[in-house]
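Have the chain open in your viewer.

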Amino acid sequence: MSPESRRRKRAKPSRSGQQVLLRASPAEAGQCDCPACSDADFDPQNFVDDLVGEGANLVKADDPIEAELFAATFLSAGDLAPEDFAEALNEGLLPAVANIATPEALAVLLAIDAVREGTVAGAAAQRLLDAGVAAPSWASELRQPVRVGPCRRFADPAGSASMLVCDFERAGRSYGFVVHVDHLDCDAAADIVFFPADALDKVVTTIAENGRRADLTIAEELLDPAEFRWQVERALDARADHDQERDLSELEDELADEDGPDYHLLAVLLRARIRTLPEPNRPPAEHDADTRQPTLDLLEMISQIAGQAQQIQSRTRRGSAGRKLPAKRKKSGPAAPIYQLKVGLRGAKPPIWRRLEVPADTSLAGLHDIIQVAFGWHDSHLHVFNTAYGDFGVADRELGHRAEAPVTLEQVAPGVGDRFRYTYDFGDDWEHEIVVEKVLPRQPVAYPRCTGGRRAAPPEDCGGIWGYAELVEVLSDPSHPEHRERLDWLGLASAAEFEPARFDSTEITRALTEGRDG
């Protein structure tokens with residue numbers, strides 16, 4: 001395998017896997033009879049390898065919700081596929097994942113086990129743990145109990161529609177759901193909105209405001225958790241029945257048109273959450289096939305609530321949380337202080353980091369250039385700053401990135417302890433954590449400068465953190481069959497020239513000064 005093929009970019013979890021599973025046809029024969037593996041041009045092992053490859057993103061994740069959303073994306077595709085996906089999952093795909101026995105494979109198994117009961121994922125994951133495979137940092141959080149907040153139902157008196165709202169907390173992280181129930185369409189779920197719990201008050205306010213605009217009186221009712229679970233399951237089950245009757249091409253088009261997390265993956269995640277609630281006191285509702293269409297006013301109201309709540313969700317997922325960017329320092333005012341920043345490459349073991357002293361009024365575009373020099377990157381790829389006030393980089397409406405040049409460092413990080421992220425190369429995903437350690441007075445020295453750090457940065461295009469770890473391993477073993485190939489790729493005569501532990505703050509400061517003067 002060539003370095004180029006090994007260093008292929010790993011895509012983040014997306015709907016492509018869902019669409020592949022939906023398009024595939026039943027298998028006549030083969031190792032696995034799941035819908036994906038049944039396609040004539042489909043290689044089951046490649047599918048498993050790609051699934052585990054995406055586990056590299058899970059291993060780096062901080063919040064287990066990222067793993068759960070990944071698993072829900074994959075499982076929701078199986079739920080919509082034309083064959084018995086559960087059987088194929090347990091007898092083909094999951095055992096194949098477990099056989100890989102890497103931290104990435106373990107992360108995939110733990111993620112699937114977290115959102116779906118009745119699979120072999122949990123047992124397979126435990127075998128890997130017992131064998132000493134390293135678990136991701138979020139694995140311990142998945143074992144923590146889930147606590148439910150107030151369960152509420154908002155409905156119009158005519159009984160045409162309702163909104164079921166609740167938030168769930170685990171290990172200090174809270175997320176909420178809104179389920180839009182259409183009672184004129186078999187009590188089926190029309191939509192699901194997923195949001196960070198700190199947006200809950202805004203979501204509730206939005207429901208009330210849009211009710212008034214639609215000239216509807218919205219009644220709020222507090223439900224006990226068991227009743228809330230019954231109503232949510234009724235809505236999800238009715239929608240699932242309807243989806244099974246729909247044409248697969250229609251579902252595929254729906255997935256392609258979705259702008260945020262689609263209904264089906266959120267339904268999988270929500271089912272996992274409501275399983276933590278008490279069992280309902282009454283039997284499951286029967287699905288009434290006598291469907292009718294909702295009124296126009298009600299459709300408009302649901303659309304408005306869904307749209308505004310999705311905007312809240314999208315803003316928060318991008319890191320903006322609706323916060324207004326502080327005003328920029330006036331040029332006529334006093335000189336900006338110096339920020340001491342620690343910039344660490346996330347996921348690097350041993351740690352790779354730089355301590356930089358930078359004027360607080362440095363633009364984010366300027367900070368991008370500084371980080372590029374400090375880490376030895378070559379500015380060959382896209383980048384973005386993820387801050388509490390939004391995402392900044394090269395302006396891109398589709399990606400939701402605002403222009404970075406007009407925004408300064410102190411605007412997005414006003415004081416000591418503030419932190420944000422910088423991601424370089426959206427394929428390899430070199431994620432940097434930036435924290436303001438100190439605010440210092442200016443000294444009669446040249447800024448920016450590097451005052452500390454550890455280890456050399458990885459070479460570009462080596463496949464991200466995990467590709468770099470493999471590169472270090474190969475170059476440290478002269479007998480490795482790819483040893484010479486990797487040296488040639490790096491342009492090195494011998495492994496002695498490869499120095500991952502090397503770091504020189506004076507050299508970086510000199511490069512920063514030359515860059516400033518140039």
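Which side chain does Arg421 meet in a salt bridge? That would be Asp62, at 2.6 Å from N to O; a salt bridge here is a side-chain nitrogen of Lys or Arg within 4 Å of a carboxyl oxygen of Asp or Glu. Before going on: this is a predicted model, where local features need pLDDT of at least 70, side-chain atom pairs count only at pLDDT 80 or more, and totals for chains, interfaces and linings use all residues. Residues are numbered from 1 along each chain as its sequence is written, and side-chain values use heavy atoms, leaving out hydrogens and water.

Back to our pair: Arg421 sits in strand β12 and Asp62 in the loop between α3 and α4, 359 residues apart. (Helices, H or I of at least four residues, and strands, E of at least two, are DSSP runs numbered from the N terminus.) Asp62 and Arg421 also belong to one network of salt bridges with shared partners, together with Arg346, Arg419, Glu431 and Glu433.

Asp63 is buried at 10% relative accessible area, while Arg173 is partly exposed at 30% (buried is under 20%, exposed over 50%, partly exposed in between, with a 1.4 Å probe and protein chains only).

Now follow β12 into its sheet, an open one of eight strands ordered β11-β10-β9-β12-β13-β7-β8-β14 with mixed pairing. Pairing takes at least two DSSP bridges between strands. β11 and β14 each have a single partner strand, so one side of each lacks a neighbour in the sheet.
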